[in-house]
Amino acid sequence: MPNLTITDNIQNLPIKHEVCFANNERVYDERIQAQQMKLLAKVAPFLKRFLEPDEEILLATAARAPMGVGELFFASRFSYFMKHTVLVFTNRRILQFLTRMNYVPKGSVSQIRYGDIEKYDTGSVLKLSLNIKYRNGRQERFTNIGWNTLKKVDIFMPTCVQNAPPTEFKQRHSLCPRCQAPLPKGKYVCPNCRLAFKNPGEAVRNALLFPGGGFFYTRHRVFGIQFAFSEGVLIVLAIAWIFEAFKHATEWAGVIGIAAVLLVIKLLHIYQARRYVEEYIPVAKDLTTVKLG
Ligand SMILES: [Zn+2]
């Protein structure tokens, strides 16, 4: 074991290195240390402001966050763009940072306090995932986590979860990226520091008025382009078909068919845009422009 202090001097992060840099047989592994440091370095500037006194980092892992129906719709073709997230397990909770593809945090943060977990499992060899059932009955699945990482989670999680006190939320809940206060569900302004977040009303309005609009509003451009294309093609097709229908009344059936498909896509679009809003996306685009601290 190298001579590392509990507060690592590279990022000054309180890393419990005998856990974080060890393999799933509790043996120090230089390669794992390098991987952990690399990933933690990506989230470190943001992570630091969330850590509480005496909180220690046990493990960081990339994962894919639970997905909504809108994302599953395109999941097979666009899985590369899906829900990149970094989970940081500490001795008190799991912090979830939604990230860009390069694992740099986007500004949406949530926490799972161990006391809010009723039970969990780490999937099977064939289906690698962290499945959590919360005290309010909800379940979530974090996927794309490696087998070795899940085996490490199995080492420390039981002790963490045991006797941890539940919070009033009883499930994963968002945190304000500016003041770290828990954000009450359904309120899109931080009650503590007044930081504004994207709201469901605007998400629905953008989704209804503009092809792909709900996705662009919630900064999911890849889906925005996909839905804008699908909706755009259907709208053009519907207009062309309406002109035909005025000449041949039998064509109205086709117009109704296109309208029905467009309606389904719009409903999917609205549903997913609303789900994204629940991730609490700060209105200020670049968090460096938000007064943090
Ligand atoms: Zn705040």
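Before going on, some ground rules. This is a predicted model, where local features need pLDDT of at least 70, side-chain atom pairs count only at pLDDT 80 or more, and totals for chains, interfaces and linings use all residues. Residues are numbered from 1 along each chain as its sequence is written.

Buried residues make up 32% of the 293 residues in the protein. Helices (DSSP runs of H or I, at least four residues) and strands (E, at least two) are numbered from the N terminus, and the protein has 9 helices and 8 strands.

Back to α6 (residues 200-209): its buried residues are A203, N206 and A207. They sit on the same side of α6 because they cover an arc of only 100° around the axis, taken from the directions from the helix axis to the C-beta atoms. These buried residues pack against α7 (213-217) and α9 (252-277), with contact meaning C-beta atoms within 7 Å.

Now for α9 and another partner, α8 (residues 221-247). The two pack at an angle of about 160°, with their axes 9 Å apart. They are therefore roughly antiparallel, a label for angles over 145 degrees on a scale from 0 to 180 between N-to-C directions. Among the residues making the contact are F227 and W241 of α8 and W252 and H269 of α9. By class, it looks like this:

| Class | Residues in the α8 and α9 contact |
|---|---|
| Nonpolar (Ala, Val, Leu, Ile, Met, Phe, Trp, Tyr, Cys, Pro) | 15 residues |
| Polar (the others, Gly among them) | 3 residues |

Key
Buried ≥ 20, exposed ≤ 12 C-beta atoms within 10 Å, placed from the backbone. Contact = placed C-beta atoms within 7 Å. Parallel < 35°, antiparallel > 145°, perpendicular 65-115°, else oblique.
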